[in-house]
Structures are given as C-alpha cells and as structure tokens.
Amino acid sequence: METPSTIHGAMFDTSELVINMGPQHPSTHGVLRVILRLDGEKVVDAEVVIGYLHRGIEKLSENRNWTQIILLTDRMDYVAAATSNVGYCETVEKLMQIDVPRRAKYIRTVLMELQRIASHCLWVGTHAMDIGAMTVFLYAFRERELILDLFEEFCGARLTYNSMRIGGLPQDIPPGWDKKVLAFCDIMDAKVDEYETLLTHNRIWLERTKGIGVIGGAEAAGLGLCGPALRGSGVARDVRKDEPYAAYDEMDFDVPVGVAGDTYDRYLVRMEEFRQSLRIIRQATEGIPEGPIVGKVPRLIKPAAGETYHAIESPKGELGYFIVSDGKSTNPYRFRVRPPSFCNLQALPRLVRGHLVADVVALIGSIDIVLGEVDR
Amino acid sequence: MAEAPEHAPKVAAPTGPVEPAPPADAAVPVFITSLQNAVPGGVAQLSLYLGDWTVIVPASHLLAAAQHLRDAADCAFDYLSDLTATDWPPRAEGRFDVIYMLYSTRHRHRVRMKVKIGENQPLASVTGIWPAANWLEREVFDMFGVNFTGHPDLRRILMPEDWQGYPQRKDYPLEGPGELLMENPIDWLKLRQARDEADIE
C-alpha cells in the first residue's frame, strides 16, 4: 500500500485516506475486497481484489468427464444454477452436433426464465437493502421462495440443481407443474408492481441512484460490461435476441434499454426484465410441445476434436463457454468460462471514481455480481 | 518413485488444436477479406468449424489486426467477449494459443482471433484497443504465465500473489504443487519461506 499523499488546491489541505472494504462485508455480496482511496468522503480511486473463492473449476473440469462437469457449473453462479447448466450443455451439444428435441428446448426456456426472475429477486432485495430499503428484501425473498419450490418439484434441489443433461433433460416435468408455473406468473405480475411502488418513485431511492455511476454505451461496451449493466447504457445487446438459443427464436419479447446509463436506469432495465421474463414463461409454458425430452446421445460422450465458443444470456449477462476437445480422451482438453460477473466487476473502479463511499455500495449492487462466478 | 507414475497419460498429448480450413465453396465473410486487404500478412490461416470463423494472426501483426478489426466500418468489433489461452506443450511452433473472442454490437457478427506464441515470448497487450482485456489478460498471465507487454497492471488476479507456477498449464498437477515440490525440497522450502513472509506482513 502506498503512503497517503497530500492533496493541495482544496480549501483545506486534506490527506488521502486508504480504507479497506471487505472481504467480509455484508454489502459486498460475498468475499470481495475493495481498496478505496478517499479524499474526505469522495472516492479518488478503487482497487478490486478478487480470488477468495477460487476453486479452480476450469482446471478441475479438464480432469472430469463431460457429464461430471454439469454439477461444477452449478457452483459458479449459484443463484442462477440452471442457466449455467444449460449454457454448458448447449456448448457440448454444439460441439457434438446433437439435435435437442423441441420439448426439451421449451422446458429449458421456462427454467431459465424462472431462474432469471429468482436471480433478479435476489438482486432487487439485496440492492435495495444496501441502500437502506429493508422491506423490498423481505418481499423479494418471499417470491423467490415460490420459484425455488417450483425447482424443487422439478428436480429435487433448491439451489444447485444439476438439472440438465447433454442432449436434453434428466426427467420430464411432473404432472401439473406447468399449471403451477402459470399460477406463479399471475402472482408475480402483481408483485413486480409492488416492488416498483416501493422504489421507482421513492424520493430517497431516486436521490441515491440517479446520476450515480454514469457510463456511456460505447465506453461500457469497450469495458466489456454485459447484460443489464450494458443495456442500462442504451446498447441493445441481448444474446437471446442476437444469437438465439433454446427456444428464444420462437418467443415474442422485448429487450428493454436504458438511456442515462446510471444506477437508476440499470434498475429500471432489470425491473422491465421481470415482466419480459414472465411474458416468455407464459408463451413457453403454454406452448410446450409433446415429444421426447432427450435427443440422440451416444452412450460415451466424446466429441470429435475441435473447439467452439457458445454464449447464452445469464441473468448477469453474456455467459460464454469455450471448449476444446482433443477427440481422444473422455474429458475436455480446455474448458473456459466467460463469466459475466467477472467482466462487469472490472468496470467498478471506473464507476465509483468521484462518488461518495456510500455510493460504492450502491454500485456494487447495481452491477449484480456473484462471487462464485467471478472467482470460479 | 523410480517406476513410471501411475497417472501417466495413456495416449500421447495432442500437439495442437484441429483447425479445419473452410471448404472451397464457403463464402468468406467481408470482415475477413477486409482484414486481409488492410493488413498484409495479417491472416496466416483461416478456419471454419461449426459455423465459427477463426483467423490465425502472427504475433507481430496482432496490434495492427486488432486495431483494424475494431475500427474498420465493415468489421466494427467493438466488444471483446473473451480472451483466453490454451496450452499445447509438445507443439513445435510455440506452446500457447491466445484466443480473442470478438463481437460486433453493430453488425452482430462474431470472429475468433488466435495468436500462437512460445513459452517465454511476450505478446503485445490489447488493453489500449479493448479496455475489457485488462483483467482477462491478467487472468491469462496468472494461469498460463503469458507476458503481455504494455499492460498497465500485470499482476496475478485469482491466485495469491506469492503463488509459484501457472496452474492452468498442462504440466501443472491437478492437486497443486505440494507433491511435486516435495521431491525437490529446496524449491519447497523457498515456497514455504515466501508464504511465511507474506503472513508476517
């Protein structure tokens, strides 16, 4: 750590103060350490220190067979495990050129969108609590519980699902599950409005989020921001629309974009995504076709030598897998994850510069990170 | 142990990725022809596999090619999706592939750019072209030991600062350095000393 220097030119000479935030701090959403250099209460610069949760998932995956990796992907973004599962399975399917039946694609779409709502519930709850609105946290976790119940009924697990297989699904949906999903959509519609009544026009919320962490579209794209954080800056980049996967090409939905690129717009984008996700879930659930749930998958999964990159839109942004197969062994030669949280977190020093210490907390919440995915 | 270790690989290690050349009738996308025209010698090899185009760029032409891919109107690759590396130890022409996944938010097309370099060969950093490369290059440095010249802050990112070795290399054991260094006590002592010193600080 450098020695604090003195800043001249201000009304009083103030010395720079270096403070440490985390790795154990409730508002960092995991084990994230941020070293802040402060001038009074203003942030001059920030340094992000990560790696506290590094488990070497990429290295580990290169020593596991193709099926065993699915459950490792659960442990990356552990609040949206189903999305990581689908991303991995689709990449292997692309590598092996397996056709997935339409029924499986539709059910995957339903699961991924439910997962997006669950992840956004967790985000809105914790983000609002960081800023001081306790009630939203309790409300959002109430609805997240309903989604976890649906997942429990589908695959038996509530957090790490291991709910996908290469080529399709491990089991069909239980009878009556689709009715329950539709009933949940009806409940959730009203609840999203309820969150908005608490926040969207709340004076304190506006004061704390408007004009905080403003970033323009071109700069955000250059910095590698993705997902709602990029769309908040007005870039209509959504993998679901641009490079459709699963059954998204058959769904009718809009991609909300912000204008100002501040914390408030990123909030508005995610609130609108709740509604768009509900729209997709309704279409997909009502349209689940009859048919098999697993495609033609060889007994031994061993893709031909080659490499591919496949990206999907996780709740946090572009989740990509780059997989290299050597065609000889039953494990991948190289397994690489493009973690959206990692790329979003990189922009944090840029976003917090010039703002107050209290805004750092708002900005960490605003870019929506999960440390399990940052560190892998 | 004098005899061969139990975990010796049963098959010979592969000497490189499979990079199938595009079929003769495949239409080469405009961003590749534009790159070939603007940067002579910038494309050493072309590959098409499962619909993904890959251009293999010589290390000396990396910055010129990257600059063109970002700035030319018909390329406009303004978004660096991912930057990673693969390790092919037995390969004669250099063991590492550094791979850039590029995406254009304007034209919505993708391309992979690949650079082949040797073990101790530095590579120019693309942080000046895509700021997103900052942490991604740090990760490649951390995991593979590839040196990026011109990087503003090249330090380890996921592993502890005093870590020895590069975990994602193929010759690095899955269980970590422990057993390896036990056979070489001097290195092992040095490692422990470094760790103790870090603790005291």
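Guide: A nonpolar core is a set of buried Ala, Val, Leu, Ile, Met, Phe, Trp, Tyr and Cys residues joined through C-beta atoms within 7 Å. The model here is a predicted one.

Visitor: Which residues touch the most other members of the largest nonpolar core?

Guide: That core has 147 residues, and those with the most contacts to other members are L348(A), L363(A), V98(B), L102(B), V140(B) and V146(B). Helix α4(A) gives the largest share of the core, 15 residues.

Visitor: What makes L348(A) count as in contact with residues beyond its neighbours within four places in sequence?

Guide: The cut-off is 7 Å between C-beta atoms placed from the backbone. Beyond those neighbours, A46(A), V48(A), L363(A), I364(A) and I367(A) are in contact with L348(A). Apart from this core lies another, of five residues, including V257(A), Y264(A), Y267(A) and L268(A).

Visitor: How do you know that the span of helix α5 of chain A agrees with its number of residues?

Guide: The expected span is 1.5 Å times one less than the number of residues. Helix α5(A) runs over residues 134–155, 22 residues, so it should span 32 Å; the end C-alpha atoms are 32 Å apart, which agrees.

Visitor: Which residues of α5(A) are called buried, and why?

Guide: A residue is buried if 20 or more other C-beta atoms lie within 10 Å of its own. In α5(A), the buried residues are V136(A), A140(A), E143(A), I147(A), F151(A) and F154(A).

Visitor: Why are the buried residues of α5(A) said to line one face?

Guide: Viewed down the helix axis, the buried residues of α5(A) fall within an arc of 105°, so they line one face. They pack against α4 (102–131) and α6 (177–199) of chain A. On the other side of α5(A), M134(A), L138(A) and E145(A) are exposed. Just after α5(A) comes G156(A), with a positive phi of about 90°.

Visitor: What makes β1 and β2 of chain B a pair of strands?

Guide: Pairing needs at least two bridges. Strands β1 (residues 45–49) and β2 (residues 52–56) of chain B have five bridges, in the antiparallel sense, so by that cut-off they pair. L46(B) stands opposite V55(B) of β2(B). Two residues lie between the strands of this hairpin, where L50(B) takes a positive phi near 55°.

Visitor: How many residues does each chain bring to the contact between A and B?

Guide: Chain A brings 36 residues and chain B 29 residues. On the side of chain A that touches chain B, the largest share, five residues, is from β6(A). By class, that side of chain A has twelve nonpolar, eleven polar and 13 charged residues.

Definitions and conventions:
Residues numbered from 1 in each chain as written. Chains lettered and ligands numbered in written order. Predicted model: local features only at pLDDT ≥ 70, side-chain atom pairs only at ≥ 80, totals over all residues. Contact = placed C-beta atoms within 7 Å. Helix = DSSP H or I, 4+ residues; strand = E, 2+ residues; numbered from the N terminus. Nonpolar A, V, L, I, M, F, W, Y, C, P; charged D, E, K, R; others polar. Buried ≥ 20, exposed ≤ 12 C-beta atoms within 10 Å, placed from the backbone. Arc of directions from axis to C-beta.
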